[in-house]
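Dear colleague,

Please find below the structure that I am handing over to you. My notes on it come after the sequence and coordinates.

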Amino acid sequence: MSANTYDFVVIGSGPAGRRAAIQAAKVGRSVLVVEKGRRVGGVSVHTGTIPSKTLRETVLNLTGWRERGFYGRAYRVKKDIEAKDLMMRLHMTLDHEVDVLEHQFARNGVNTLRGAARFVDAHRVEVALESGDTRVVTGERFLIAVGTRPHRPADVAFNGRNILDSDEIVDIPRLPRSLTVVGAGVIGVEYATIFSALDVSVALVESRSGFLEFIDQELIEDFTHQLRDRGVALRLGCKVARIEFDNDWPVTVLDNGRRIRSEMVLYTAGRVGATESLNLEACGLTSDSRGRLKVDPATFQTEAPHIYAAGDVIGFPSLASTSMEQGRMSACHAFDVKIPPAPEYFPYGIYSVPEISTVGLTEQEVRQRDIPYECGVARFRETSRGHIMGLHAGMMKMIFALDTRRLLGVHIVGEGATELVHIGQAVLNLHGTLDYFIENTFNYPTLAEAYKIAALDAWNRMPSA
Ligand SMILES: Cc1cc2nc3c(=O)[nH]c(=O)nc-3n(C[C@H](O)[C@H](O)[C@H](O)COP(=O)(O)OP(=O)(O)OC[C@H]3O[C@@H](n4cnc5c(N)ncnc54)[C@H](O)[C@@H]3O)c2cc1C
């Protein structure tokens, strides 16, 4: 095989590309990952998942957020937190992530090439190298894992200084004293609550009357109460008419006439597939109006069967966690590695403050499907671990089918939600029932005890087995 010919050419080194490349290399295929960014890792490592989660962790640590339940709202670990305090940890974490990834590629014999790829025909891509040269690479199979970029509406004057998109916010030179977040999707809600934990005055604007509609609404009510209680101004059902300036401060003018003056605006209006420069016509593919590609959900093949697509570029659920699995599954299909079908349910983690995590059906979905059900609820303050930690908030809700007693969904808001949910996920995907939680012993004291408390709460109202 020539130096420019590979079994598998992967475009993009985010979670989907990375996992696919390593999977293909593990079964002995020659693999090239083309990445146009300065370093490998994708949005996940450089502007999305890892930066936002590092920022969150740093904020929680430096503010002493987790201790405030005990020592009061005035408790602080560091009094004056500056942007450089947040950035230091961020850069250390990112360097480490890139190191690990480069090592993984090297260990598995995955080749990498830095440059932007575009198709020249169905089996060849041209890579524009930093030097200005180009290199043409031939592949037997391809994976398009180019991810997304923030959608930037033309009428918003993004300036990288005080009107920012979600990629720019991870690199702010100074902390604002007030912030308006436009768009209460996952990213908007995460940043709004992280900045609010830093005592920044936050307004969250959303044109729909609700937000995070895919989450169980009882959790959202609890979450909303917590946000309002600490002063986040929720402006739901309000469209942004325009953003003006008043003495260099942006003023977000809402369609109901209300004006929100803040030092900074974070505009999160969703993301679009980064397919525009791939020259898709050359390989016979087209993207939809948001730049996304259609695939067969079982195999991740596009309409050109030797070209796969995975990760955010194929749309929902647009998570690093699911992108990795899609990447792995696409490589397995491409190189005939037999794997079982994906489990029915995957978890969703929202790293807001407090965090939210959920797996399985919400109460709204159970009702829509006419499934007779019962719910059990536990409050973290009912657990001894919750007392020890000084938790006043946090809840877990479980939903069980009345006839089979099977677990249908687990919904958690509060400390540790994104870790705790995996117990529920295991029981759910293994088709477990209420009785698992009643009959098994949980470590004591733990927040996981909430599973037993919620199960007992449901058991009180369930017909006997
Ligand atoms: C602020 C934020 C927070 C998030 N938090 C979470 C979270 O907590 N948990 C979670 O699971 N998910 C989270 N996500 C989502 C997660 O980051 C994405 O689901 C994930 O990064 C998608 O992976 P991917 O492999 O599809 O592509 P990406 O990570 O988007 O990577 C695509 C790569 O392709 C490269 N590329 C694009 N075009 C070309 C080209 N023509 N040639 C060569 N290279 C190209 C890009 O430079 C990029 O490096 C978050 C996202 C954001 C924005």
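The following paragraphs describe the ligand site and then the nonpolar cores.

Please note that this is a predicted model. The ligand is surrounded by 36 residues, and the closest are Glu35, Thr49, Lys53, Asp312 and Ala320. By class, the shell around the ligand holds 15 nonpolar, 16 polar and five charged residues.

In the side chain of Asp312, an N or O atom is 2.7 Å from a ligand oxygen. The side chain of Thr49 likewise places an N or O atom 2.9 Å from an oxygen atom of the ligand. With Ser44 the backbone is involved: one of its N or O atoms lies 3.3 Å from a ligand oxygen. On its own the ligand has 1,000 Å² of accessible area, of which the protein covers 94%. Two or more residues of the shell come from each of helices H1 (15–26), H2 (42–46), H3 (49–63), H6 (186–197) and H8 (320–334), and from each of strands E2 (31–35) and E3 (111–121).

Turning to the cores, the largest nonpolar core has 51 residues, among which Phe8, Val125 and Ile144 touch the most other members. Helix H1 supplies the largest share of this core, with six residues.

Kind regards

Terms used
Residues numbered from 1 in each chain as written. Predicted model: local features only at pLDDT ≥ 70, side-chain atom pairs only at ≥ 80, totals over all residues. Heavy atoms only, no water. Near = heavy atom within 4 Å. Polar contact = N/O pair within 3.5 Å; in protein donor to acceptor, adjacent residues only side chain to side chain. Areas by Shrake-Rupley, 256 points an atom, 1.4 Å probe, with all protein chains shown as cover. Helix = DSSP H or I, 4+ residues; strand = E, 2+ residues; numbered from the N terminus. Nonpolar A, V, L, I, M, F, W, Y, C, P; charged D, E, K, R; others polar. Core = buried A, V, L, I, M, F, W, Y, C linked by side-chain atoms within 4.5 Å. Buried < 20%, exposed > 50% of the residue type's maximum accessible area, 1.4 Å probe, protein only.
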